[in-house]
Amino acid sequence: MSDRKVKKDETNKEIINMSEAAGILDRFVGDVSKKSATKQILIGAGSGWATGYITMKVGKMAAIAVGGGIILLQIANQQGYIQIDWNKINKKVDKVTDKVEEAVTGQGPSWADKAERFVDRKLNQAEDALKKKTKKAHKWYTNLIGDETGCKLNDLHIFVCAFAAGVALGIGTA
């Protein structure tokens with residue numbers, strides 16, 4: 001036998017198996033329009049429930065897969081395994097936004113819109129840099145005074161007071 005005939009026979013067997021499954025379903029359900037209204041309602045409700053149940057399970061799995069992937073990417077970013085260049089992403093998003101705006105309105109974004117986005121992005125970068133510096137200054141200040149709630153006496157304070165007293169005594173006795 002040739003390969004073509006073998007493949008044709010296998011396809012025919014698959015069709016027969018499918019038709020057997022359809023025959024079983026047809027025997028169980030039959031022509032629903034010829035059944036009583038009660039059976040039609042029960043068959044419709046049962047098939048609707050089954051479809052909804054299957055869709056719910058598939059949807060949950062898809063949501064878990066997508067959400068889990070996002071969480072894993074964020075953890076990898078936070079741990080330093082990957083680096084995300086947010087400037088590059090924002091630029092690409094801006095380009096796509098410009099293309100969509102041009103397709104919808106027929107004209108691209110104005111020069112003022114592009115300048116506004118540029119300035120906004122630069123201000124965000126400056127704000128992030130200032131926040132980092134503020135954290136460093138706050139850490140230095142809390143180390144100097146003791147803690148965040150107020151001044152607590154520590155070794156540095158005693159040293160500074162003793163130094164100032166020594167300088168004052170030295171100046172006063174000279």
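Let's start where two side chains come together: Arg121 and Asp94 meet in a salt bridge, with N to O at 2.2 Å. This pair links distant parts of the chain, since Arg121 sits in helix 4 and Asp94 in helix 3, 27 residues apart. Keep in mind as you look around that this is a predicted model.

How exposed or buried are these two partners? Asp94 has a relative accessible area of 16%, so it is buried. Arg121, at 19% relative accessibility, also counts as buried, because the cut-off for buried is under 20%.

Asp94 has another partner to meet. Its side chain also forms a salt bridge with Arg117, at 3.8 Å from N to O. Asp94 lies in helix 3 (residues 86–105) and Arg117 in helix 4 (residues 111–145), so this pair ties together parts that are 23 residues apart in sequence. Arg117 is partly exposed, with a relative accessible area of 23%.

Now follow Arg117 onward to Asp98: their closest N and O atoms are 2.7 Å apart in a salt bridge. Here again helix 3, with Asp98, is linked to helix 4, with Arg117, across 19 residues. Asp98 is buried, at 15% relative accessible area. Put together, Asp94, Asp98, Arg117 and Arg121 are linked in a network of salt bridges, and a search of the whole structure finds three such bridges.

Finally, turn to the surface. Leu156, Phe159, Val160, Phe163, Val167 and Ile171 form a nonpolar patch there, with about 610 Å² of accessible area together. One of them, Ile171, lies in helix 5 (residues 155–173). Ile171 is exposed, with a relative accessible area of 63%.

Conventions:
Residues are numbered from 1 along each chain as its sequence is written. This is a predicted model: local features need pLDDT of at least 70, side-chain atom pairs count only at pLDDT 80 or more; totals for chains, interfaces and linings use all residues. Side-chain values use heavy atoms; hydrogens and water are left out. Patches are made of residues with over 30% relative accessible area and no salt bridge: like charges are joined within 9 Å, nonpolar side chains (Val, Leu, Ile, Met, Phe, Trp, Tyr) within 5 Å. Accessible areas come from the Shrake-Rupley method with a 1.4 Å probe; for residues, only the protein chains shown count as cover. A salt bridge is a side-chain nitrogen of Lys or Arg within 4 Å of a carboxyl oxygen of Asp or Glu. Helices (H or I, at least four residues) and strands (E, at least two) are DSSP runs, numbered from the N terminus. Buried means under 20% relative accessible area, exposed over 50%, partly exposed in between (1.4 Å probe, protein chains only).
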